[in-house]
Amino acid sequence: MSTDPRTIGWLARALTHELGAVQQYLAQGVLARLWGDDALARSLEKNAQDELRHAQVLMEHLIYAGVAPAAGQIAPARLGRTPSDFKQSNRLVETQAVRLYQQALAHAQRVRDAARAAVFEGLLREELEHLHSLNDQNPQSGGCWEKDHD
C-alpha cells in the first residue's frame with residue numbers, strides 16, 4: 001500500500017519539528033550546565049532524548065514509505081537568561097507539536113491511513129504529556145526550573 005503524498009509531508013514536517021526540539025533542549029542543557037545547574041541540564045537532556053526518539057519513529061515511517069528522511073529548515077534554539085525563559089520557550093515548542101500532531105492525525109484519519117494515524121496519535125499523546133508537565137510545575141516547589149542564573 002502506498003502512502004498518501006500529503007501524509008509524507010506531515011511526516012517530514014513533524015521530523016523537522018522534532019529535530020528542532022532536540023536542538024533546543026540540548027542547547028538549553030548546555031547552557032544550564034554552564035550555569036552549574038546539573039539537575040536542570042539532566043532534565044533538558046532527557047527531554048532531548050524523548051524528542052530524538054520521536055524523530056526516529058518518524059524516520060522509520062518515512063523510510064517505510066520509500067522516502068529518504070530529510071528535515072527542512074530548523075529554527076534556531078530559543079535560549080534565554082533563566083530557567084523560566086527556557087520553560088516559556090519549551091511551552092511554545094510543545095504547543096506547536098500538539099497542533100502539528102492534531103492536524104496530522106486529522107489528515108491521516110481523513111485518508112484512512114490507520115498506521116500513520118496511530119503514529120500521530122501516539123506522538124500527540126506524548127507531546128500533550130510534555131506540555132502538561134511544563135504547565136504543572138509549581139514555581140513555589142523550588143524545582144530546577146525556577147532558579148535565576150543572571
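1. Let me start with Gln 28, which sits in helix H1; helices here are DSSP runs of H or I with at least four residues, numbered from the N terminus. Gln 28 has a relative accessible area of 0%, so it is buried (buried is under 20%, exposed is over 50%, partly exposed is in between, with a 1.4 Å probe and protein chains only). Ala 14 is 14 residues away from Gln 28 along the chain, and their C-alpha atoms are 21 Å apart.

2. A word on what we're looking at: this is a predicted model, where local features need pLDDT of at least 70 and side-chain atom pairs count only at pLDDT 80 or more, while totals for chains, interfaces and linings use all residues. Residues are numbered from 1 along each chain as its sequence is written, and side-chain values use heavy atoms, with hydrogens and water left out.

3. On to the pairing of H1 (residues 5-34) with H2 (residues 38-64): their axes come within 8 Å and cross at roughly 160°. Axes are lines fitted to C-alpha atoms, for helices over the stretch in contact, with angles running from 0 to 180 degrees between N-to-C directions. H1 and H2 are therefore roughly antiparallel, a label for angles over 145 degrees. Their crossing is left-handed, meaning that the near helix is turned anticlockwise from the far one by less than a right angle.

4. What does the contact of H1 with H2 have, by class? The contact of H1 with H2 has 20 nonpolar, 5 polar and 6 charged residues. For the classes, Ala, Val, Leu, Ile, Met, Phe, Trp, Tyr, Cys and Pro are nonpolar, Asp, Glu, Lys and Arg are charged, and the others, Gly among them, are polar.

5. Two H2 residues are worth a look. Lys 46 is in helix H2 and, with a relative accessible area of 46%, is partly exposed. From His 54 to Gln 109, 55 residues apart along the chain, the C-alpha separation is 20 Å.

6. Next, H3 and H4. They pack at an angle of about 155°, with axes 8 Å apart, which makes H3 roughly antiparallel to H4. This crossing is left-handed as well, and the contact of H3 with H4 has 13 nonpolar, 6 polar and 6 charged residues.

7. Check the loop between H3 and H4 (114-136), where you'll find Arg 112. Arg 112 has a phi near 60°, a positive value in a residue other than glycine. At 72% relative accessibility, Arg 112 is exposed.

8. Finally, the largest pocket has a volume of about 200 Å³. A pocket is an open set of points on a 1 Å grid over the protein atoms alone, where a 1.4 Å probe fits and protein lies on both sides within 12 Å along at least five of seven lines; lining residues have an atom within 4 Å of a point. The volume is the space filled by probe spheres set on the points, which are joined across faces, edges and corners.

9. The largest pocket is lined by 16 residues, with His 17, Gly 20, Ala 75, Arg 78 and Gln 96 nearest its centre. H1 gives the largest share, 7 residues, and H1 and H3 (83-110) each supply at least two. By class, this lining has 7 nonpolar, 7 polar and 2 charged residues.

How values were computed:
Angles under 35 degrees count as roughly parallel, over 145 as roughly antiparallel, 65 to 115 as roughly perpendicular and the rest as oblique.
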